[in-house]
Amino acid sequence: QVQLVESGGGLVQAGGSLRLSCAASGRTSSRYAMNWFRQAPGQDRDFVAGIGWNGAITYYADSVKGRFTISRDNAKNTVYLQMNSLSLEDTAVYYCAAADRDLFTFATMKEASRYSYWGQGTQVTVSS
């Protein structure tokens, strides 16, 4: 089992920045992809960004490209999401997810069903 704990959410003004962190614990010895999803009120859970085990492969939703950066530190079993130029549309609960294995393509990395482990979510609220 892998446990994921997100942190770093909060209230920020439009145009501001936040950095989310997701710490993994438990059975973390295998190589696995990690991902960030988000869910706004009344909407489906959407893919935000994904990263492969060694950090060389990253994918982003079109809506966050150029503004968000996903990274990971495997020594700390932690994945990060740096969010810049935040807009009202970025308001959502952000979830960290870990797969059972490494993933390499955009098609697989963006599928929520590929991820067996999920964090509890952290609220990000962007105000005008």
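Residues are numbered from 1 along each chain as its sequence is written, and side-chain values use heavy atoms, with hydrogens and water left out. Because the model is predicted, local features need pLDDT of at least 70 and side-chain atom pairs count only at pLDDT 80 or more, while totals for chains, interfaces and linings use all residues.

The sheet comes first. Strands of a sheet pair through backbone hydrogen bonds, either parallel or antiparallel. Here four strands form an open sheet in the order E1-E3-E8-E7, and their pairing is antiparallel. Strands are DSSP runs (E, at least two residues; helices are H or I, at least four), numbered from the N terminus, and two strands pair if DSSP finds at least two bridges between them. Strand E1 (2–7) and strand E7 (68–73) stand at the edges; each has a single partner strand, so one side of each is left without a neighbour in the sheet. On average, neighbouring strands of this sheet are turned by 15° against each other, direction ignored; the axes are lines fitted to C-alpha atoms.

Aromatic contacts form the next topic. Seven aromatic pairs are found in the whole structure. Rings of Phe, Tyr and Trp (its six-membered ring) pair if their centres lie within 6.5 Å; planes under 30 degrees apart count as stacked, over 60 as edge-to-face and the rest as tilted. Phe37 and Tyr115 have ring centres 5.7 Å apart and planes at 75°, so this pair is edge-to-face. Trp118 is partly exposed at 27% relative accessibility; buried means under 20%, exposed over 50% and partly exposed in between (1.4 Å probe, protein chains only). Ring pairs link Phe37, Phe47, Tyr59, Phe106, Tyr115 and Trp118 into a cluster.

Two arginines lie over tyrosine rings: Arg45 over the face of Tyr95, at 3.8 Å from the ring centre, and Arg72 over the face of Tyr32, at 5.3 Å. A charge sits over a ring if NZ of Lys or CZ of Arg is within 6 Å of the ring centre and within 35 degrees of the ring normal.

Terms used: Axes fitted to C-alpha atoms, helices over the stretch in contact; angles between N-to-C directions.
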